[in-house]
Amino acid sequence: MARREDDMEKMKDKSEPLLLPENGCDVSEEEGASWMVCLSTFIAVCGSYEFGTCVGYSAPTQFGIMEELNLSYSQFSVFGSILNVGAVLGAITSGKISDFIGRKGAMRLSSVISAIGWMIIYFAKGDIPLDFGRFLTGYGCGTLSYVVPVFIAEISPRKLRGALATLNQLFLVIGLASMFLIGAVVNWRALALTGVAPCVILFFGTWFIPESPRWLEMVGRHHEFEMALQKLRGSNANIAREADEIKEYLATIAHLPKTTLRDLIDKRNIRFVIVGVGLMFFQQFVGINGVIFYAQQIFVSAGASPTLGSILYSIEQVILTALGATLLIDRLGRRPLLMASAVGMLIGCLLIGNSFLLKAHGLAVDIIPALAVSGVLVYIGSFSIGMGAIPWVIMSEIFPINLKGTAGGLVTVVNWLSSWFVSLTFNFLMIWSPHGAFYVYGGVCVLAIIFIAKLVPETKGKTLEEIQAMMM
């Protein structure tokens with residue numbers, strides 16, 4: 001343990017001169033994203049799009065599948081929820097897989113498993129193969145939800161890392177929306193085939209882009225590390241300082257013992273874990289999955305048009321994720337957007353909760369639908385600008401590379417388990433008290449605001465090595 005602490009002190013000492021370059025940033029950092037960074041990011045976020053198609057598939061296909069395969073509601077519920085089971089398993093193994101076969105290898109493996117799952121769904125004649133196919137697509141989702149943001153963070157220039165990383169969430173919501181739109185005009189089997197397309201692009205696309213330079217250096221492939229970094233920064237870019245910074249940091253990390261789950265609660269690592277786990281916890285426990293999955297039920301219960309409400313929030317989610325978080329994250333910073341997001345979601349919860357409270361007492365009946373719709377729109381819009389994308393961005397930034405496999409897998413598991421729990425309990429809360437349910441979620445928003453203010457660091461404009469040195 002003494003040797004470990006000495007190594008960590010050396011890492012802190014070695015990182016300091018790297019944080020204060022005499023002449024500012026590299027040429028590569030100032031020039032922004034090269035065409036290869038853009039291409040690599042686009043290929044990677046095809047995995048995010050695939051993630052969205054998996055999550056969105058069950059809603060538009062429910063009645064078609066139940067009618068053709070003669071499934072009961074309970075059987076279809078198993079089909080819908082088994083995605084989370086596969087995703088949790090994928091999340092548990094994602095960190096180790098991406099450390100062992102690389103970020104590109106993990107994305108390829110996930111694309112193959114997801115494509116197989118979609119094809120099993122397409123050919124399914126009963127509930128068992130249907131569930132197995134859904135489980136496989138869930139496993140692919142669980143792995144992709146970790147490896148895509150990590151890969152993007154590790155290849156991006158510091159000044160554009162936040163914007164590029166939020167493309168993960170943007171393509172996720174586009175994939176989700178595409179399932180609703182395409183599912184309105186094709187049957188469930190044809191819709192399953194559309195889920196194969198991003199898998200094919202992701203699998204073949206990874207052969208044309210470089211591997212994460214940091215991973216290559218970590219596993220000792222030094223020549224490939226420099227080639228990949230040069231390709232990502234551009235043929236004319238000076239990568240010398242950035243390469244030296246990464247090499248020196250990883251050389252110090254290499255002297256530390258192999259990371260285990262027990263190391264995550266070490267005093268030098270616990271802040272990384274608390275921030276990562278806490279953000280994933282609050283991202284889900286503010287009630288987002290309950291609101292999205294049951295938005296139509298909320299509109300109907302409040303006396304509003306479910307069709308109009310669903311169209312409005314779907315369009316809003318895509319636009320605000322694209323124009324809000326993607327454009328503002330590297331200008332305003334992570335913390336301000338997270339704070340604004342949590343405050344907005346609190347206001348949305350209060351509007352929705354008040355609409356149900358008024359309905360329960362028969363008061364101000366004329367304004368109840370407007371309160372419900374505006375509350376959902378404020379809630380979804382606020383989630384889209386901050387809590388939707390930024391926890392994944394920060395997760396990909398804060399963990400030292402020797403912790404990424406273990407800690408990244410942990411926080412991804414926390415995210416999926418929290419998602420499953422919120423989805424499971426939402427209906428019970430609505431039965432107990434519709435307005436009380438949203439007041440509970442509002443209370444969680446208050447806790448999220450306190451958590452962000454007290455513990456979440458600002459990572460805008462810093463290298464990954466600077467962020468980790470700062471937190472230690």
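This is a predicted model: local features need pLDDT of at least 70, side-chain atom pairs count only at pLDDT 80 or more; totals for chains, interfaces and linings use all residues.
Student: How much of the protein is buried?
Tutor: Of the 472 residues, 58% are buried.

Student: Which residues of α4 are buried?
Tutor: Ser58, Thr61, Ile65, Met66 and Leu69. Seen down the axis of α4, these buried residues fall within an arc of 135 degrees, so they line one face of the helix.

Student: Why would residues spaced like that point the same way?
Tutor: An α-helix has 3.6 residues a turn, so residues three or four places apart point the same way.

Student: What is exposed on the other side of α4?
Tutor: Phe63 and Glu67 are exposed there.

Student: And what covers the buried residues of α4?
Tutor: The cover includes α3 (35–56), α5 (73–123), α6 (127–155) and α8 (188–194).

Student: What follows α4?
Tutor: Asn70 does, and its phi is positive, near 55 degrees.

Student: Changing topic. Where is Ser212?
Tutor: Ser212 sits in the loop between α9 (196–205) and α10 (213–218).

Student: Is Ser212 buried or exposed?
Tutor: Ser212 is buried: its relative accessible area is 0%, and the cut-off for buried is under 20%.

Student: What is Ser212 in contact with, leaving aside its neighbours within four places in sequence?
Tutor: Arg103, Phe151, Glu154 and Ile155. Arg103 belongs to the stretch of α5 (73–123), while Phe151, Glu154 and Ile155 belong to that of α6 (127–155).

Student: One more pair, α17 and α19. At what angle do they pack?
Tutor: Helix α17 (residues 334–361) and helix α19 (residues 390–398) pack at about 150 degrees, and their axes are 11 Å apart.

Student: Is that crossing left-handed or right-handed?
Tutor: α17 passes α19 in a left-handed crossing.

Student: Which residues meet?
Tutor: From α17, Arg334, Leu337 and Leu338; from α19, Ile390, Pro391, Val393, Ile394 and Glu397. By class, that contact has 6 nonpolar, no polar and 2 charged residues.

Notes:
Residues are numbered from 1 along each chain as its sequence is written. Side-chain values use heavy atoms; hydrogens and water are left out. Axes are lines fitted to C-alpha atoms, for helices over the stretch in contact, and angles run from 0 to 180 degrees between N-to-C directions. Helices (H or I, at least four residues) and strands (E, at least two) are DSSP runs, numbered from the N terminus. A crossing is left-handed if the near helix is turned anticlockwise from the far one by less than a right angle, and right-handed if clockwise. Contact means heavy atoms within 4.5 Å. Ala, Val, Leu, Ile, Met, Phe, Trp, Tyr, Cys and Pro count as nonpolar, Asp, Glu, Lys and Arg as charged, and the others, Gly among them, as polar. Buried means under 20% relative accessible area, exposed over 50%, partly exposed in between (1.4 Å probe, protein chains only). The arc is that of the directions from the helix axis to the C-beta atoms.
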